[in-house]
Amino acid sequence: MQYGLSEPFLIFFVKKINVKWFLASTIAGSAILTILVAFTNTVEQQWCVYVVNGFLQAGIWGCSLKVLGKYLPSDMLPKGNAIMSTGPAIAGVLSYGTAALFGENWKLPFIVLGIVLIVAVILFVLSVNIASRYPREKEMHHIVRVDGTEEDVSDEDKNDFIHLKNKKRKAFFYFFSILFGVLLTFLFFSLNNVVDYFL
């Protein structure tokens, strides 16, 4: 739930932070917490770890979109977003597969998956560093908006996933972001808990 509630509020800060280091630090923190689960002794300790971990992971989706929009050419963005959308499915297979692999030893999967996350952070930073050597050329685009107004925006602004110009749009955007974030989070974890039960 903390994931769904935190994500919309990150919109206020995402333009003001270095997204690469924000993602690297929060995912690295999440990796460390994942490993620490193996050293907990009570359910209460595990819940505390999960709450903090949820907050750390709240920016992954939006900030990943921001990184794709910054470094990928416009014609590659649909494919990039489609590939990224497979992430939850792959994560589910890895998580449940690793848990099944170690059987009754519930601690080792957390350590293994934490290490996998650390490797992912290293690969992410290396990939962004390589991509930043080939910056996208900024092009000007003439956009006619829904309300009939016209504006010239740069390529970077055109692909920005946050492009809100007035209070009414912002209010609707934040309201529906929070609403759907909470509803989808409840739906996801309801289904996820059913899978856990059957396993």
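The model is predicted: local features need pLDDT of at least 70, side-chain atom pairs count only at pLDDT 80 or more, and totals for chains, interfaces and linings use all residues. Residues are numbered from 1 along each chain as its sequence is written, and side-chain values use heavy atoms, leaving out hydrogens and water. Helices are DSSP runs (H or I, at least four residues), numbered from the N terminus. Axes are lines fitted to C-alpha atoms, for helices over the stretch in contact, with angles from 0 to 180 degrees between N-to-C directions.

Helix α2 (residues 19-37) packs against α3 at an angle of about 165°, the two axes being 9 Å apart. These helices are therefore roughly antiparallel, a label given to angles over 145 degrees. Their crossing is left-handed (the near helix is turned anticlockwise from the far one by less than a right angle; clockwise gives right-handed). On the α2 side, the contact involves Thr26, Gly29, Ser30, Leu33, Thr34 and Val37, and α3 supplies Gln46, Val49, Tyr50, Val52, Asn53, Leu56 and Gln57; contact means heavy atoms within 4.5 Å. By class, the contact of α2 with α3 holds 6 nonpolar, 7 polar and no charged residues (Ala, Val, Leu, Ile, Met, Phe, Trp, Tyr, Cys and Pro count as nonpolar, Asp, Glu, Lys and Arg as charged, and the others, Gly among them, as polar).

Next come α4 and α5. Helix α4 (residues 60-71) meets helix α5 (residues 77-85) at an angle of about 150°, with axes 10 Å apart, so α4 and α5 are also roughly antiparallel to each other. Here the crossing is right-handed. Trp61, Ser64, Leu65, Leu68 and Gly69 of α4 make the contact with Leu77, Gly80, Asn81, Met84 and Ser85 of α5. That contact comprises 5 nonpolar, 5 polar and no charged residues.

For α6 and helix α7 (residues 107-131), the axes come within 8 Å and cross at roughly 140°. This makes α6 oblique to α7, oblique being the class left after under 35 (roughly parallel), over 145 (roughly antiparallel) and 65 to 115 degrees (roughly perpendicular). The crossing of α6 and α7 is right-handed. Leu94, Ser95, Thr98, Ala99 and Phe102 of α6 touch Leu108, Pro109, Val112 and Leu113 of α7, giving 7 nonpolar, 2 polar and no charged residues. After α6 comes Gly103, with a positive phi near 60°.

As for aromatic rings, the whole structure contains 2 aromatic pairs (ring centres within 6.5 Å). In one of them, the ring centres of Trp47 and Tyr50 lie 6.1 Å apart with planes at 85°, so this pair is edge-to-face (planes over 60 degrees apart). Trp47 and Tyr50 are 3 residues apart in helix α3 (residues 43-57), and therefore about one helical turn separates them.

Definitions and conventions:
Helices (H or I, at least four residues) and strands (E, at least two) are DSSP runs, numbered from the N terminus. Rings of Phe, Tyr and Trp (its six-membered ring) pair if their centres lie within 6.5 Å; planes under 30 degrees apart count as stacked, over 60 as edge-to-face and the rest as tilted.
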